[in-house]
Structures are given as C-alpha cells and as structure tokens.
Amino acid sequence: METGLQIALPTVKRIPIVISVPHCGTAFPPELTREFKPELAESPDDTDWFVDRLYSFAPHLGITMISSAYSRWVIDLNRHPESRPLYSDGRIITALCPTTTFLGEPIYRDSRHAVDEREAQRRISLYFTPYHNFLGQLLSELKSEFGRVLLWDCHSIRHIVPTIQDKPFPDLILGSADGNSSGEIFISIALRNLNASPYSVQHNQPFKGGFITRHYGQPGIGQHALSVRDDKKELYGRS
C-alpha cells in the first residue's frame with residue numbers, strides 16, 4: 001500500500017539542509033476516498049497549495065525535500081501522534097486525524113466528531129510513521145556527515161482564518177518554538193533574509209511551529225529546525 005511519502009533527492013552534492021512539506025498533498029487513499037464529502041475532497045481547502053512547487057529548486061542546491069501526496073485530512077503529519085494540542089489560546093486546532101476544516105466544517109459524509117482509535121492507529125502505521133521514520137533517519141545521517149543539520153519545515157495559510165485570529169496574517173511567519181528549536185545563528189540569518197524581502201514578517205506569532213519543528217529541533221545536539229508559513233493570497237494569488 002502506498003505511504004504517500006514523496007522524496008526529491010539532490011541532483012548535486014548534498015548539503016545538510018532538509019525541506020519538509022507535509023501539507024501539500026491533495027490525494028486520498030482508495031480505501032478512504034468515499035468517506036469524505038466529495039465536494040470538499042475534490043479541492044481540500046486546508047491544503048498548503050503548491051508549496052512543494054515553490055521549493056522545487058531545492059534539489060538543485062543539494063537539498064533533500066520530502067512531502068506527502070496525501071491530504072492532511074487523511075492524517076496530519078505535523079501533529080503529535082497522540083494528538084496533543086499545539087496551542088492553548090482558544091484557537092481551533094484540528095486533530096491528528098481531522099474531522100473538520102479549520103473553519104469548523106465537517107469533512108466526512110457522516111459528520112463524525114472523531115476518527116475511531118483503531119482507524120487512527122492504522123493511519124499512523126501506514127502514513128505517519130513512514131514519513132517520520134524517513135525524516136528522522138535523513139536528519140541523523142546528515143548530522144553525522146556534517147556535524148549539524150537544518151530542517152526547514154514549509155507551510156502556507158489563508159490570509160484570514162477567523163477561527164485562529166480575527167486579523168489578517170502577515171505574509172511570512174518564522175517559527176522557532178520560542179527559540180527552542182534552533183540555534184540563534186540560524187534564527188538570525190532566517191529573519192535577516194526574510195525581512196530583506198518586500199513581505200511583512202513575524203516571528204513565532206501566531207505560529208511557533210508544529211510537531212515537526214518542535215520534535216526534531218534539538219539545537220543542543222546540532223539538529224536545528226525552523227518552520228516558515230507564507231500567505232497563500234500574497235504569494236499565490238489564492239484567497
């Protein structure tokens with residue numbers, strides 16, 4: 001059975017940077033296709049549209065990029081496997097196996113409020129674990145080869161999502177888990193370059209990075225992780 005894991009290997013000598021794009025997928029495994037509302041599954045709105053294409057240059061710089069072909073509605077690769085919430089400020093937070101959109105709209109035909117635990121564990125085994133096993137192994141290999149490694153976790157979001165915050169998001173948001181997922185030098189370099197762009201930039205507000213950034217970011221052992229979230233409307237012309 002297909003895991004959905006997609007790997008773009010470097011076309012030149014590899015460097016110690018990995019790009020992760022966990023939410024660009026729009027496909028659904030055959031056994032699940034009929035369970036979702038067809039009008040929503042046809043164009044799953046919570047997709048990080050085209051982010052993998054945005055970073056398609058990466059392999060030509062020696063960077064390995066991984067992504068998933070499957071929609072985050074199948075299983076969210078950027079959530080804790082025990083579905084622990086990322087924030088506690090009242091915003092809507094979809095689960096490891098979501099049952100609603102970020103606007104609270106049910107995505108399943110039967111409008112279920114939760115995915116059965118046995119089914120959730122099946123999806124973890126088939127789709128979540130292969131992605132994270134490969135990512136973890138790749139980071140370990142690069143860290144062993146180069147002494148340190150940087151994970152750049154990439155996302156996008158609507159300009160306004162009222163269930164998260166009322167005001168529009170900035171164009172670019174850098175997440176470093178409040179400075180805990182990366183060494184200061186990488187944070188400073190990232191902010192300096194982002195701020196040199198014509199886009200508005202914020203750091204850790206309103207997103208600090210999800211499970212991937214927080215889990216793999218271990219600067220004490222030379223493993224650094226940052227997330228970047230861009231505004232779909234500003235960069236792609238999507239609402």
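## Contacts of Ile75

Beyond its neighbours within four places in sequence, Ile75 is in contact (heavy atoms within 4.5 Å) with Leu96, Cys97, Arg123, Ile124, Tyr127 and Phe128. This is a predicted model: local features need pLDDT of at least 70, side-chain atom pairs count only at pLDDT 80 or more, and totals for chains, interfaces and linings use all residues. Residues are numbered from 1 along each chain as its sequence is written, and side-chain values use heavy atoms, without hydrogens and water.

## Nonpolar cores

A nonpolar core is a set of buried (under 20% relative accessible area, 1.4 Å probe, protein chains only) Ala, Val, Leu, Ile, Met, Phe, Trp, Tyr and Cys residues joined through side-chain atoms within 4.5 Å. The largest one has 32 residues. Ile75 is among those with the most contacts inside it, as are Val18, Phe36, Phe128, Leu135, Leu139 and Leu151. Helix α3 (117-146) gives the most to this core, with nine residues.

A second, separate core has 20 residues, including Val51, Ile63, Met65 and Leu172.

## Cavities

A cavity is a set of points on a 1 Å grid over the protein atoms alone where a 1.4 Å probe fits but cannot get out; lining residues have an atom within 4 Å of a point. There are two cavities of 30 Å³ or more.

Notes
On a 1 Å grid over the protein atoms alone, a cavity is a set of points where a 1.4 Å probe fits but cannot get out, and a pocket is an open set with protein on both sides within 12 Å along at least five of seven lines; lining residues have an atom within 4 Å of a point. Grid points are joined across faces, edges and corners, and a volume is the space filled by probe spheres set on the points. Buried means under 20% relative accessible area, exposed over 50%, partly exposed in between (1.4 Å probe, protein chains only). Helices (H or I, at least four residues) and strands (E, at least two) are DSSP runs, numbered from the N terminus.
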